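This report goes through a two-chain model piece by piece. Please look over the sequence and the structure before reading on.

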Amino acid sequence: MLESYLKSRLIEKKILLMTHIVLGYPSFDECYKIIEAMVNAGVDLMELQIPFSEPIADGPVILHANQESLAGGSTVKKCLDFAQNVTQSFDIPFLFMSYYNILFKYGVDRFAAAMAERSIKGAIVPDLPPEEGQDYLDAMKKYNLDPIFIFSPTTTDERMNYLASFGRGFIYCVARKGVTGLETDFSGHLEKYLGRCRRATDLPLALGFGVKDKNDIDFLKGKTDIAVIGTQTIRLVEKEGIGAVGEFIRSLR
Amino acid sequence: MIDRGYYDGFGGAYLPEVLVATFDDLEDKFIKAKNDPSFWKEYTDIMSTYSCRPTPVTFAENLTNHFNGARIYVKREDLNHTGAHKANNVMGQGLLVKRMGKTRVIAETGAGQHGVATATMAAKFGFKCTIYMGEVDVQRQRPNVFWMERLGAEVIPVREGTRILKDAINEAFRDWVGNMDTTHYVLGTACGPHPFPEMVSYFQSIIGKEARKQILEKEGKLPSRIYACVGGGSNALGIFKGFLDDPVELVGVEAGGRGLDSGLHAARLSSKDASIGVAQGYKTYFLQNSDGQMKETHSVAAGLDYVGVSPILAYLKESGRVRFESATDREVVDAMSFTIKKEGLIPALESAHAFVQAFKEAPELSREDIILINQSGRGDKDIFTVADAFDDPNWKEFIKKKAEEYNA
C-alpha cells in the first residue's frame, strides 16, 4: 500500500520527493528518459499526467505541455501502454493525474481496472470532489487503488476532515491559491496551513504548487512528508534538456 | 453546497478544491437574494432605468405577409443597453457582487456582448474589470474590444487551445482560482458549475416573463412555437422559462456552421457528434473525441461557437420538452440580410439562427398561429463579418481609405 510504503521511506528520509510529468511531452521516449533520470536520482514516487484539452487547474507551463502532447498525437491508450512499460521498468510507485473527463469517457470502472492491471497505485483527479465522485470512489476501492484528495488553504477544518475520510495513500496539499507553476511564499503562513492539514489526518502530507529548489524543500522538512516538484522540472527540460534532470533532483535534498 | 445543481443527471459542480468555499459562498448569497422579495424588485428597477426593460415584442408584419403562414413576433432583447440579453445576467450578478462585497469582476466573452455588458456594469458599480477573449474572437469582434477598453476593462486575448469561447472560460477560471477573495467571475451563460446555470437562467427568465404577458395582452393567446438561438443557452432558457408549463413548442437553434456533415459546427444537441462528458466544471453534451478531448468548433457567430451547452437544456432535450435544430452559416447570413431589408430589424448573427428556423416553419402554420422569435442581440457588432459575407465593395473601399489615413 502506498501509505505504508511512504511511512517506511520516511523512517530513512526526512522528506520524500514526488515529481510530475505530462505524458507524451515532449514525447513518450523523452518521458521515459526523464523518468529514468528521476528514479536514478532518488525520486520516491511520481505522478503521470494524462493530458486533457481543458486543464483548468494548471498554469501556463503545464497547460502548454498538455496541448503539445495532444498536438503530438497522445491518446489515453498510448498513456496506458506507456504506464505499463514504466511500472515494469522502475521500482517506485506511480500515480495517474488527470481531469475527470478522461476517466468518465473511458468508463470509470474500466479505467480503474486498467490502472490496476498496469500496477498504477492511485490517482489524483483535481476536478472531482468526493461529492461528485461516488463511481470513482467505488471503482478505486474495488481495485484496491488509492484516491488522492486535495486540501487547499481555502478548505475549512471541517471540510479537511470530510476530505480525509475519503482520501487514501496521502493527502495532496495545495500550497496556495492559483494555478500550478506560480510563485509560492514559503513562510509562516504556509507553516500554519500545514499545521491545520496535519491535524486533519494521519495520512502522509504532500505539499505542491510552486516548489522549485532546495531552499523551498529545506523549509518544508519536518512540516510535510512529501514535496511535489511539478512545473519546475518541465521548465528545466524545456531550457536545459533531459541531461539536467538528475543533477537538479539530487540538488534538492 | 446545499444543492449540487443536477437536472436529471446533467450539471453538478466539478470544482477544484480551492474554489469550493467560493462556490459555497456564491450559492448562499444567491439563495438569500432569490428569497429576498426586495432583490427581484431592485433588479427589475435597475433594468427598467439603466437598461430598456421591459423590451417590446414587435409584430413583424412584412415577414408575416411574406411567409404567408404564422403571425411572427420578435422579442427585442437587442434593445437592451449594450445591445443584447447579456445585460440581464450581468446586472443581476453585479447586484450580487455588491452584496458579496467584492471589488473586481472578470468574464469570458465570445461575441464580445457579454464582455461589453460586464465592462459596462463594472463601470457603473465601480469594479475593476478583466475580460478574457479568444484571440480568434478578438479579431472577428473588434468593435466590441474597442468598447470594452473604452469602458475601462482590460481585455486579455487568449492564445491557448482553440482560441475561442471555451478557452476564454478556462483562462477566467485560472484567474479566479488565484483571486477569489476580491474577484467574482461573471460567467456569461447558463453553463459551468452549479449555481451558474440556475443563477444565469434565473436572471434571464425576465425575458420569458415579459414575453408571455406581452403576447397575451396583444393576441389574447399563447404562441404556438418559440425560437431561440443556442450557444451556451442563456437567451433560450430566458425566454423558454416563461412558457415551460404552457402548451407551447420550444425550439432551440444551434450553430450548424458549414453543415452538420462537415464536422465544422457547434451543434451539441441537434447533431450526433456530441456525447456526455464533464468539463469546465459541469456535466453535459460536449463535442469531444472518444478520449474525451474537446474538439474544435465552428460558427460564423462567435457567441454560438462553444463546445458545451447548458445542462438545463441538455435535460430539456432528453425530456423532449425542447426541440433542437441547426442553421448553417450561409442560411444565417441570408436570414439576417432578409430581416434587415424586409423588417428594418438588425439581428445579431447569433440571433439570426433563430430566424432561419422560424422562416422554415412559418409557412406550414396558419394565420391563427403565433410564433415568437427571440432576437437576443443586435447585429451592429457584426459589421466586419457581415460586410465580408456580402463582399461589400463600398465598405472595403472605406476600410482601405481608413487604413491609408492611419498609415500616413
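## A question to begin with

Is Asp391(B) buried or exposed? Asp391(B) counts as exposed, because it has 8 C-beta neighbours inside 10 Å. The cut-offs are these: a residue is buried if 20 or more other C-beta atoms, placed from the backbone, lie within 10 Å of its own, exposed if 12 or fewer, and partly exposed in between.

## Source and numbering

This is a predicted model, in which local features need pLDDT of at least 70 and side-chain atom pairs count only at pLDDT 80 or more, while totals for chains, interfaces and linings use all residues. Residues are numbered from 1 along each chain as its sequence is written, and chains are lettered from A and ligands numbered from 1 in the order in which they are written.

## Backbone details in the loops

Asp391(B) is not a glycine, but its phi is positive, about 50°. Its loop lies between α14 (383-389) and α15 (393-407) of chain B. Helices (H or I, at least four residues) and strands (E, at least two) are DSSP runs, numbered from the N terminus. Gln280(B), also a residue other than glycine, has a positive phi near 50° and sits in the loop between β11 (275-279) and β12 (282-286) of chain B. Gln280(B) is buried, because 26 other C-beta atoms lie within 10 Å.

Cis peptide bonds occur in each chain: Tyr25(A) to Pro26(A), with omega near -5°, and Arg53(B) to Pro54(B), with omega near -5°. Pro26(A) belongs to the loop between β1 (16-22) and α2 (28-40) of chain A. Pro54(B) belongs to the loop between α2 (37-49) and β3 (57-59) of chain B.

## A helix pair in chain A

Helix α3 (residues 60-71) and helix α11 (residues 231-240) of chain A have axes that come within 9 Å and cross at roughly 65°. Axes are lines fitted to C-alpha atoms, for helices over the stretch in contact, and angles run from 0 to 180 degrees between N-to-C directions.

From α3(A), Val61(A), Ile62(A) and Ala65(A) meet Thr231(A), Ile234(A) and Arg235(A) of α11(A). Two residues are in contact if their C-beta atoms, placed from the backbone, lie within 7 Å.

## A buried helix in chain B

Helix α13 (residues 349-361) of chain B has 13 residues, which at 1.5 Å a residue should span 18 Å; its end C-alpha atoms are 19 Å apart, which agrees. The expected span is 1.5 Å times one less than the number of residues. In α13(B), 12 of the 13 residues are buried, so the helix is largely enclosed by the rest of the structure. Among the buried residues are Leu349(B), His353(B), Phe355(B) and Glu361(B).

## Where parts meet

Between the chains, 31 residues of chain A are in contact with 28 residues of chain B. On the side of chain A that touches chain B, α3, α5 (100-106) and β5 (146-151) each supply at least two residues. α5(A) gives the most, with five residues.

Chain B has domain 1 (6-48 + 85-196) and domain 2 (52-83 + 205-389), with bounds from an automatic or database domain assignment. Their centres, taken over C-alpha atoms, are 22 Å apart. The contact takes 39 residues from domain 1 of chain B and 44 residues from domain 2 of chain B.
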